[in-house]
Amino acid sequence: HISVIEPFSFLQLGHLKKLHIGFNRLEQITENMFNGLFNLTEFDLSTNIISSIAKRAFDDLINLKKLDLSHNQLKSLSSGVFTEMKNLLHLDLSYNQLKSLSSNVFHGLYALKVIDLEYNNLEEIDCAFLNLTQLNSIYLNSNNLRQIEKRTFAGAEEIINLDLSDNLLDKHVDRNVFDRFGASMEILILNNINANLSEFLDFSLFKKLKSLSVTKSKFSIQTE
């Protein structure tokens, strides 16, 4: 099992398109570790024991389309760690130990379409999706979120697929949380939610909704 990668180890592999280093024992991602991988499009770092990523560790990965960091031990992310990934489409951070997301953590990911944050320990999201105008799928299920404010999804206004299932949400859900992107929503998953969904779901907003799941959640429909 790989536990350490020396700086500049891949410097001569400038034509490499795909790199899979999953199921190893990497503990940290340091600066210069992936220097020279300018043409890399797919990078799998899943199922290691990574707990830290240097702020500029990914700076050379300017053509990356998919990054898999799932099943690691990340508790936090430095603001701007993904800044140079202007072409990234899919980011998988599921099954880590993230507790919060700052407002600049995804800065630079202007092409991002899918972000998977399921099965973390997220308690707070502070405008983390600002300027992610291409983002259409967000997976936040199985976290510790207690509240969702209107600004939680500020900047992401073309969301098609959203999963907020299995969180600790109670009444702290802004009634206007779906105002910006409700019209584009096609799949909404709100299973096992403590809050009464009827208090913040306005079905008149969801013009394109094709799939709604509210299994084991509080939900009532008013009839006249």
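**Salt bridges, and on to the sheet**

Mentor: Let's start with Asp 59, which is buried at a relative accessible area of 16%; buried means under 20%, exposed over 50%, and partly exposed anything in between, using a 1.4 Å probe and protein chains only. Before we go on, keep in mind that this is a predicted model: local features need pLDDT of at least 70, side-chain atom pairs count only at pLDDT 80 or more, and totals for chains, interfaces and linings use all residues. Residues are numbered from 1 along each chain as its sequence is written, and side-chain values use heavy atoms, with hydrogens and water left out.

Back to Asp 59: its salt-bridge partner is Arg 56, with the closest N and O atoms 3.0 Å apart. The rule asks for a side-chain nitrogen of Lys or Arg within 4 Å of a carboxyl oxygen of Asp or Glu, and it gives a count of 5 salt bridges.

Next up are Arg 151 and Glu 149, whose closest N and O atoms sit 3.2 Å apart. Arg 151 is partly exposed at 44%, and Glu 149 is partly exposed too, at 29%.

Then there's Lys 210 with Glu 186, at 3.8 Å between the closest N and O atoms. Lys 210 lies in the loop between strand E12 (187-189) and strand E13 (211-213), and Glu 186 in the loop between strand E11 (161-163) and E12, so this pair ties together parts 24 residues apart in sequence. Strands (E, at least two residues) are DSSP runs numbered from the N terminus. Lys 210 is exposed at 68%, while Glu 186 is partly exposed at 24%. As for shared partners, salt bridges join Asp 126, Glu 149 and Arg 151 into one network.

Finally, 3 bridges join E12 to E13, and the two run parallel. Ile 189 has Ser 213 as its bridge partner in E13.

Methods
Helices (H or I, at least four residues) and strands (E, at least two) are DSSP runs, numbered from the N terminus. Two strands pair if DSSP finds at least two bridges between them.
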